[in-house]
Amino acid sequence: MKTFDSIRAELDSGKTSCEKITQEYLGVIEQGKRLNAFLAVFPEQSLEQARTVDKKRSAGTAGPLAGMVVSIKDVICVKDARVTCGSKILEHFVSPYDATVVSRLKQADAVIIGKTNMDEFAMGSSTENSAYGRVKLPQDESRVPGGSSGGSAVAVRAGMSTTALGSDTGGSIRQPASFTGVVGLKPTYGRVSRYGLVAFASSFDAIGPLALSTKDAARVLGVIAGHDEHDSTSAEVPVPNYLGALTKDVKGLRVGIPKEYFGSGLEAEVRDAVEKKIDVLRKHGAIIQEVSLPHSEYTIATYYILATAEASSNLARYDGARYGYRAKGANDLMEMYVQSRSQGFGAEVKRRIMLGTYVLSSGYYDAYYRKGQKVRRLIQDDFISAFKNVDCLITPTSPSTSFKAGEKVDDPLQMYLSDIFTTSANLAGIPGISIPCGNDRQGLPIGLQILGKHFDEATIFRVADFLETT
Amino acid sequence: MTVTLKVTVILNLKLMSWNERYEAVIGLEVHAQLLTDSKAFCSCSTKFGNEPNSNVCPVCLGMPGVLPVLNKNLVEFILKMGLATHCTVAPRSIFARKNYFYPDLPKGYQISQYEEPICANGYVEIELQDGSRKKIGITRIHMEEDAGKSIHDLDVDTLVDVNRCGVPLIEIVSEPDIRTPHEAYQYLYQMKQIVTYLGICDGNMEEGSLRCDANISVRLKGETALGTKTEVKNMNSFRFVEKALEFEINRQIALIEDGGKVVRNIIMGFRARNRRANALQRRSARLSLLSRSGSRARACR
């Protein structure tokens, strides 16, 4: 497993080439097939792309990510490749276009190696909800890698690509980063274009990087961030030099510790590991203070009302009429809809479509959806007032380390609770990063989450990089 | 011959006496297809008559992962209409999704406006038969996108042409200020004049670039409560709007006079060629699947 810095050093010394590097990653993917991290691998295209980058390198015209090999969560469109979203309903669907993040990566000369496995339509916290089989945790294959970006997290952890793109609607980048022991960033809502990201919950969805180091995550964000004319929700806020923000200095930095995130339900080992890191910051001159986010207890409920409502509308287009799976033998239009959707979607997706349709239906709209929107604002306000006094917040990423496959599949509520510390960032639209924070006694990675102000990824990168290298 | 004449005379007398006691309350919803070069949320051409399914791209086809980008011209056009009809322009306006399943609606929802339309509270003036002028209030004018076309009458499965999908429309909703079919005719005439003068719509009702739905109820004169309304849709000429309204008003009055009740329903398919309104069954498959997000809950088109 190599970070981009060591790859670049090897490239610069002439020891290797992009083609060789890509070849090596393809080999690791082949050897690690049983982990089921990939839904599609592009051997010819990636090697061809690598050869082009090698030519550019010798001509001195290579882009900033030359030598980086990236895997893409299968919810993001790559031109002429299938985009299944881990669902049977899109099994044979080939995207006619590149997502903006993909074309920006290609332009920066990153090599796209394949598409990673995921919970169906990004709904899940264990990558067990894929129509193409579960993804296994490299450290202990009987366990889950978290989700929904479990395939991307495993690809990075197992050295199958330098970095990966994931999507985070309620913790789907950060929680698997925590379970596998890698870095995962959910950027600010609007920081990264979502043109080409198959929508789950449009007011929550964010694309972000998973990487072995904060520095690599910062590099990828620097390339994919910024306004895109194809996405009206991508903000016209300048993109700073994130690498320049990694100053290794936390003196005077005001760090808030939200007390609600350290209460019951949190594993003692996770708490201890996070508190140790907080002590490190304190020792190096950061000002640590307790803060309160009083509406925290409503986070999960609010999230599941609003996100499922949006999902029920976003997933309406999978009706068998134009593309994707169409059931055979339907006698009329209604039967075609019902059978195609009943057979094409998995249990968790159907559960959320039903929940979402219910909360939007007339008579229940005010009681659920509108109320949910109001609570969302209160949760957002909690963060805005906390950030008046602190520069960032530190919490555990998930209340526990990785759990056994099958342990929570029959108990959706338990499954939802593994995102209890991550969904608030999506409700508030703020950025959050998960970084490795030691292991528990079983050797399973623990994750620490740093939350920042809107569009202030620079500060959370600085803290993450400091903790990683100190 | 004599007998027929007699009957006609009696009927007319009866209608006259009814009409003196009743009044109609009419509100019109006018959809105007705008003359923008490109669609509401993508850069596809809006040109009419091209090869089916040729004016399309991933965005208007509702492909997974695409996003809408609002056409600036659409906003300029609707603002012209709002100002020409004395509306208030909202400083903040939001789009909403109207969710329903239908094969000519690729996304499974229509992008429209519900709670905060861009223009509201205006009026137009019409001329009455006696030469006096009357103000008809405009409740709201909002932006939305058109759906595609389903073609059922060929001897094969239903065919779908999505060229029209995403073509920009404005919907102009009047207050229930209209009292007679003639006033409705005058109102529509004014609308056509305004949109064609502004150059935002060609105003051609026969070709569907101007469409009209009517909400109609009747009540005894002097009453303030509204009667049960019916909705008449798909009227494809000015004259037939007038005819359809006359027909529907007389039908409602006759029903009430016979001791019956007006049932709230949707009447489809009043065509220039068959001069009769047919109450079709509610399209239950489509209606029962309605839900709303971004808060839009209304019967579908």
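# Reading the labels in a predicted model

Q: What makes helix 5 of chain A mostly covered?
A: Buried means under 20% relative accessible area. In helix 5, residues 150–157 of chain A, seven of the eight residues are buried. They are A:Gly150, A:Gly151, A:Ser152, A:Ala153, A:Val154, A:Ala155 and A:Val156. The elements covering these buried residues include strand 1 (38–41), strand 2 (69–73), strand 3 (111–116), strand 4 (163–168), helix 6 (174–180) and strand 6 (206–211) of chain A.

Q: How do you know what A:Leu333 counts as, from its relative accessibility?
A: Partly exposed is what lies between buried, under 20%, and exposed, over 50%. A:Leu333 has 31% relative accessibility, and therefore counts as partly exposed. A:Leu333 belongs to helix 10 (residues 333–344) of chain A. Not counting residues up to four places away in sequence, A:Leu333 touches B:Tyr102 and B:Pro103. From A:Leu333 to A:Gly320 it is 13 residues in sequence and 9.9 Å in space, C-alpha to C-alpha.

Q: How do you know whether the span of helix 8 of chain A agrees with its 16 residues?
A: The expected span is 1.5 Å times one less than the number of residues. For the 16 residues of helix 8 (residues 268–283) of chain A that gives 22 Å, and the end C-alpha atoms are 22 Å apart, so the two values agree.

Q: Why do the buried residues of helix 8 of chain A line one face of the helix?
A: The buried residues are A:Val270, A:Ala273, A:Val274, A:Ile278 and A:Leu281. Viewed down the axis of helix 8 of chain A, they fall within an arc of 140°, so they line one face. On the other side of helix 8 of chain A, A:Ala268, A:Lys276 and A:Lys283 are exposed. Among the elements covering the buried residues of helix 8 are strand 7 (254–258), strand 8 (287–291) and helix 15 (457–469) of chain A. Just after helix 8 of chain A comes A:Gly285, with a positive phi of about 95°.

Q: What makes helix 9 of chain A roughly perpendicular to helix 11 of chain A?
A: Helix 9 (residues 299–314) and helix 11 (residues 347–360) of chain A pack at an angle of about 100°, with axes 7 Å apart. Angles of 65 to 115 degrees count as roughly perpendicular, so helix 9 of chain A is roughly perpendicular to helix 11 of chain A. Helix 9 of chain A contributes A:Tyr304, A:Ile305, A:Thr308, A:Ala309 and A:Ser312 to the contact, and the residues from helix 11 of chain A include A:Arg352 and A:Ile353. By class, this contact has seven nonpolar, four polar and one charged residues.

Methods: Residues numbered from 1 in each chain as written. Chains lettered and ligands numbered in written order. Predicted model: local features only at pLDDT ≥ 70, side-chain atom pairs only at ≥ 80, totals over all residues. Heavy atoms only, no water. Axes fitted to C-alpha atoms, helices over the stretch in contact; angles between N-to-C directions. Helix = DSSP H or I, 4+ residues; strand = E, 2+ residues; numbered from the N terminus. Parallel < 35°, antiparallel > 145°, perpendicular 65-115°, else oblique. Contact = heavy atoms within 4.5 Å. Nonpolar A, V, L, I, M, F, W, Y, C, P; charged D, E, K, R; others polar. Buried < 20%, exposed > 50% of the residue type's maximum accessible area, 1.4 Å probe, protein only. Arc of directions from axis to C-beta.
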